[in-house]
Amino acid sequence: MKKIFACMAPLLLAALVCSGCSVSEMSTLRELSRPYTGVYACEKLTWAGRDLLEDFEYIRLELDRCGAAVFSWERRSGGKGEFSLGYDADVEKGLVTFSSGSVRRTFPLGGGAVRMELVVLGRLLYAEFSA
């Protein structure tokens, strides 16, 4: 067992150093594992009851281990885009908070999905992203 640990410890340390994250940010096992990180695909996108998802090849939300999120999309009619912002997840409360500058929005996170509701131009925009 000691030999396995002696071999694995340098690999774990190298992985933490190469990840670009601060070890102090990962003080607990739950923080270290961060089960919510990864790429989420948009499964549902509606605005004022109209399905907008059919206009896109894909819409993705990527949550990395260090608190950065990227929305990326490609329209069927051509054109790609992406938007970067920060995030903070609270697994126990089942919430994820996205931030860009001084704007912060909190949404439900759980069951491998992020569900977003926003009022845009007086109408409800709903998006559901699944891992």
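## A tour from the hairpins to the pocket

Start by selecting G101, which takes a positive phi near 65° in the hairpin of strand 6 and strand 7, with two residues between the strands. Strands here are DSSP runs of E with at least two residues, numbered from the N terminus. The model is predicted, so local features need pLDDT of at least 70 and side-chain atom pairs pLDDT 80 or more, while totals for chains, interfaces and linings use all residues. Residues are numbered from 1 along each chain as its sequence is written, and side-chain values use heavy atoms, without hydrogens or water.

Now show strand 6 and strand 7 together: they pair antiparallel over six bridges, where pairing asks for at least two DSSP bridges between two strands. Click on F98, and you will find R105 of strand 7 opposite.

Select G86 to see its bridge partner S99 in strand 6. In the hairpin of these two strands, with four residues between them, G94 takes a positive phi near 70°.

Finally, turn to the largest pocket, with about 570 Å³ of space. A pocket is an open set of points on a 1 Å grid over the protein atoms alone where a 1.4 Å probe fits, with protein on both sides within 12 Å along at least five of seven lines; lining residues have an atom within 4 Å of a point. Select F71, F83, M116, L118 and L125, the closest to its centre of the 22 lining residues. Strand 5, strand 6 and strand 7 are among the elements that give two or more residues to this lining.

Key. Grid points are joined across faces, edges and corners, and a volume is the space filled by probe spheres set on the points.
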